[in-house]
Amino acid sequence: MSATTLPAPAMPTARLHLSYWLGAGALAVALILLLRLIGNEYGWYAGYFVLQYVVLAAAWNILGGYAGYVNFGAAGFMATGSYTTIVLYEALGLGVIPGILGAAVVAGLLGLGTGYLTLRLRGVYFSIATLSLSVVLQTIVVNWDYVGGSRGAYIIRPMEVPPFASYGEYIFVVMLVLAVIAVGIGRTVEFSRLGRGLQAIRDNERAAEAVGVPTLRLKLIATTLSGALMGVAGAPLPFYAGYLNPEGAFNLAYAVNAIAMPLIGGAGTWLGPVIGAVLLATLQQAATVTISSALNLWIVGWMLVIFVALFPRGILGWFRRR
Amino acid sequence: MDPTVSLLLNGIVSGLLLGGLYAAAASGLAVSFGMLDIVNIAHPALMVAGGFAVILIGTALGLDPLLVAVLQAPVFYLLGTGIYRAYNHFFERRGDEALQGLAFFFGVMFIIEVGLVMLFGPEQRFLDPDYAFVTWRLGEIDVPLRMLAPALLAMAAIGALWLFLTRSFTGLAIAAVAQDPEALRLMAVDPVRIKRMAFGISVALAAVAGGALVVVQPIDPSSHHVFIGRVFAICIMGGMASLSGAVMAAFLFGVVENVTATFYGPSWSPAVAFGWLLLVLAVRPQGLFGRAA
């Protein structure tokens, strides 16, 4: 890609980026203070639930939203992250932060490998491969006694981590930082040459290829980045729950949410996945408390189908058109 | 006979019978995914839904599951035309198949699975006809009727489909719409109507495959997960739009998977499916029996 085909981003982006990080940081601090004021342990618990979906949706959006390649295997990538944490805990007794870093590496490599094998073909092959990848990873974990097999694995989490009042608060803050970073990465991708290249691929891959966009390389960067962030979304899960089994880690609900949230919020924009995740995850958290969990998943399925049919550009796209 | 050879022979025979079931599941997909280019991720979920309908009706009326499977096919045909109507109206017409259309079928798959959980609960269900416990012995080789009867039904259904596709005008039009919908329009045939019928047929085949599945094994709402990789792998291996290719790929697949299960343990058979799929995609994306594009 030469400078003549795609002009370098104009100067003000640097200031825009700075304002994002400052704004997101201020919002994060305000959120922590607010939840401290409420002072209920459930607040941290519910907040983590929503934020993990912000990370997952932002991760899916990098490949799905910008490049138009649909990853059905979000649950598989996320569980890869969770089980990396468990392996690091069992083998070396490492905590949540090294687990996150390890998860990013392992899930990123998984994304790179899957992408390398299937992305030279049509997009649907990638989608089908990611879906079956999820099934096969689950088979492997079920047969793998070291991480507990189908019985699941326990993690004894520390009672508290010093500056924080409780472990719930600590794990919430960890996820909050991850969410700010994940959305920030998505935003940086959107305004960078990588993002423009990916959008060119989505709109017309052959034309992009013809004008010299290195399509395969950009797609591989995107799958790696997206896979790594999905792994990151799942990495703290064993510490959050204290227990994890394959059925929970590979739950199809993660895969459907990872697709539904960006599409409902507005895929291909950095803010869309955030809107979708906050909306859908809050709805599900509220519905799980009040009605059955099967019914609330059913509602998510219907919302996905209805939104893609009636508002194909999501909530953001609908507002922008008006 | 040497026990290993006998084990291998039995593995091959029951693999062929298993392949019959896979052929039933994949032939519908060869019509929708292969010919119409509609990536119906929900196909295996529709098959499992068909299986649950068979159990429900078969238990209530005391009928044979395979008979119920055939009888319910027209209802699923109508369901399929309905799904295609929505798909065409909201996605295909707008050119949104790639992202939104895929997400639509994923949502449909999810709705079916969770809907089945809400209706029947997450536990396994079964309906065993009397012949499911009979096994014919041909020398050293066991032929369980539990596997043979569904495989024969599958072959009959695929045979009927093949006759329809090659002998009737509508069938030929379905083959034509896969190649050039515009040419069909010039012949005063509505390509959307043809595609709607074809998609209905593919869903009807999913329902028949569901009946076959019930005879072979107990099912639960998440049974379709392991079939997604299998049927798409078979369809791609078979060269997409080719019915005979899909059937041959299904038999091959059944044998490889079953022999692996015999010698290395059944818990590894889903890994075989995925390994094959990746291998085919990486080495021969046009399929084992397909022609190079």
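What is the mean pLDDT of chain A, and what percentage of its residues reach 70 or more? In this predicted model, the mean pLDDT of chain A is 85, with 96% of its residues reaching 70 or more. For chain B the mean pLDDT is 85, and 96% of its residues reach 70 or more. The model as a whole carries an ipTM of 0.85 and a pTM of 0.85. A stretch to be read with care is residues 1-9 of chain A, where pLDDT stays under 50 and for which the model has 13 contacts beyond four places in sequence.

**Helix packing**

| Helix pair | Angle between axes | Axis distance |
|---|---|---|
| α3(A) (residues 74-92) and α9(A) (residues 215-234) | about 60° | 7 Å apart |
| α9(B) and α10(B) (residues 243-264) | roughly 125° | within 8 Å |

In chain A, helices α3(A) and α9(A) pack at an angle of about 60°, and they are therefore oblique to each other, with α3(A) passing α9(A) in a right-handed crossing. On the α3(A) side the contact is made by A:Ala74, A:Phe77, A:Met78, A:Ala79, A:Thr80, A:Gly81, A:Ser82 and A:Thr84, while α9(A) contributes A:Gly227, A:Met230, A:Gly231, A:Val232, A:Ala233 and A:Gly234. Sorted by class, this contact of α3(A) with α9(A) holds seven nonpolar and seven polar residues, and no charged ones.

In chain B, the axes of α9(B) and α10(B) cross at roughly 125°, and these two helices are therefore oblique to each other; α9(B) passes α10(B) in a right-handed crossing. The residues that make the contact are B:Arg230, B:Ala233, B:Ile234, B:Cys235 and B:Met237 from α9(B), together with B:Ala246, B:Ala249, B:Ala250 and B:Phe253 from α10(B).

**The interface between the chains**

Between the two chains, 34 residues of chain B are in contact with 36 residues of chain A. On the side of chain B that touches chain A, the elements giving two or more residues are α4 (97-120), α9 (225-237) and α11 (269-283) of chain B. The largest share of that side, 15 residues, comes from α4(B). By class, the residues of the side of chain B that touches chain A comprise 27 nonpolar, six polar and one charged.

**A hairpin in chain B**

Chain B also has a pair of strands, β1(B) (residues 135-138) and β2(B) (residues 141-144), which run antiparallel and are joined by four bridges. Among the paired residues, B:Trp136 has B:Val143 of β2(B) as its bridge partner, and B:Leu138 is partnered by B:Ile141 of β2(B). The two strands form a hairpin with two residues between them, and in the turn B:Gly139 has a positive phi of about 65°.

Key: Residues numbered from 1 in each chain as written. Chains lettered and ligands numbered in written order. Predicted model: local features only at pLDDT ≥ 70, side-chain atom pairs only at ≥ 80, totals over all residues. pLDDT = per-residue confidence, 0-100. Contact = placed C-beta atoms within 7 Å. Axes fitted to C-alpha atoms, helices over the stretch in contact; angles between N-to-C directions. Parallel < 35°, antiparallel > 145°, perpendicular 65-115°, else oblique. Left-handed = near helix turned anticlockwise from the far one by under 90°. Nonpolar A, V, L, I, M, F, W, Y, C, P; charged D, E, K, R; others polar. Pairing = 2+ DSSP bridges.
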